[in-house]
Amino acid sequence: MLDVRKLLLLCDLDRLGTIAAVAHARSYTPSAVSQQLSALEREAGVALLERTGRRVAFTAAGQVLVRHASRVLGAMEETEAALAAVRSGPAGPLRIGAFPTAVRTLLPAALVGLGREHPALELMVTELDPADVPAALRERRLDVGLLNDYDVAPGDVDADLDSVPLLDETVFLAVPAGSGCASLAGAADQPWIVASAGTLCHEVTLRVCAAQGYTPRVRHCADDFATVLALVGAGQGVSLVPELAAADPPPSVRLLPLPLRRRTRIAHRRGAAAHPGVAALIAALTGGG
């Protein structure tokens, strides 16, 4: 019988590419990961990996097993969700990952409602950039997470995750109220306020500006949109701001709507939709409960 936990490591290796990356993601040592994968090969009775020095590649049998393992893990998740639904209503820990603006605007009312209707739920929120949510879900550090994508940066299709649409927003160019800047093209000579490198917001800014034929001249880096708007209002530069974060801008900021959309989705591991806690949170956020 193949061990499900070892199958999970095999899928991690397929996704991350190296044993060292798997070890880091799972807080194991590389030797422990190698030992588990070797044990999986013995259980399978066939070589799954080809090792050349420090590099590994999947054999034909390994590729077959990875494809089947992904379905097995999804079925296990679905089974756990079904058992949880039979065993009780929403109860126990529910780990939620969300970007700062959502934590400030979307989650509070949902958390209050869930706490009132399902007091046995232990709600645990972590601020997390959407780019980091998929890995946190797969590694079971989260049960539910909010993902973003944009017209210029569509979200990747992830076979391990399912999602439910939540929001579709306009994105604005925020400029100082007294500025003559009136378009993205006109912002080419303006200083920019951008998110930290490696975040989705940072990548979107680079892509939007590149489409206009320039690279933004970065003056400040800030990940919280309240801070971004304060800096724009102080005349420190221009920035991209989604509608969710632009509900109450300072009077010293002018918002120019762009033909750019941001979409937010509620994501969870494939098969977990029927889990009582996951279903309750989705209903609370979407108004379905």
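Asp149 counts as buried, because its relative accessibility is 9% and buried means under 20%. This is a predicted model. Asp149 sits in strand E5.

**Around Asp149**

Strand E5 covers residues 144-150. Strand E10 covers residues 253-269. The two run antiparallel and are joined by 6 bridges. Within this pairing, Leu147 stands opposite Arg265 in E10.

E5 and E10 belong to an open sheet of 6 strands with mixed pairing. The strand order is E4-E3-E5-E10-E6-E9. Which strands stand at the edges? They are E4 and E9. Each has a single partner strand, so one side of each is left without a neighbour in the sheet. On average, neighbouring strands are turned by 30° against each other, direction ignored.

Helix H9 packs on this sheet. The helix touches E6, E9 and E10. Its direction makes about 135° with that of E9.

Residue ranges of elements in this report:

| Element | Residues |
|---|---|
| Helix H1 | 4-16 |
| Strand E4 | 121-127 |
| Strand E5 | 144-150 |
| Strand E6 | 161-176 |
| Helix H9 | 225-233 |
| Strand E9 | 239-242 |
| Strand E10 | 253-269 |

**A surface patch**

Now to Val4. This residue lies in helix H1. Is Val4 buried, partly exposed or exposed? Its relative accessible area is 32%, so Val4 is partly exposed. Val4 forms a nonpolar patch on the surface with Val72 and Met76. Together the three have about 190 Å² of accessible area.

**The whole protein**

The protein has 289 residues, and 44% of them count as buried. Asp149 counts as buried too. There are 10 helices and 10 strands. Along the principal axes, the C-alpha trace spans about 70 × 50 × 30 Å.

The accessible surface comes to about 14,200 Å². Carbon and sulfur atoms account for 56% of that surface.

Definitions and conventions:
Residues numbered from 1 in each chain as written. Predicted model: local features only at pLDDT ≥ 70, side-chain atom pairs only at ≥ 80, totals over all residues. Heavy atoms only, no water. Patch = residues over 30% accessible without salt bridge, like charges linked within 9 Å, V, L, I, M, F, W, Y side chains within 5 Å. Areas by Shrake-Rupley, 256 points an atom, 1.4 Å probe, with all protein chains shown as cover. Salt bridge = Lys/Arg side-chain N within 4 Å of Asp/Glu carboxyl O. Helix = DSSP H or I, 4+ residues; strand = E, 2+ residues; numbered from the N terminus. Buried < 20%, exposed > 50% of the residue type's maximum accessible area, 1.4 Å probe, protein only. Pairing = 2+ DSSP bridges. Axes fitted to C-alpha atoms, helices over the stretch in contact; angles between N-to-C directions. Contact = heavy atoms within 4.5 Å.
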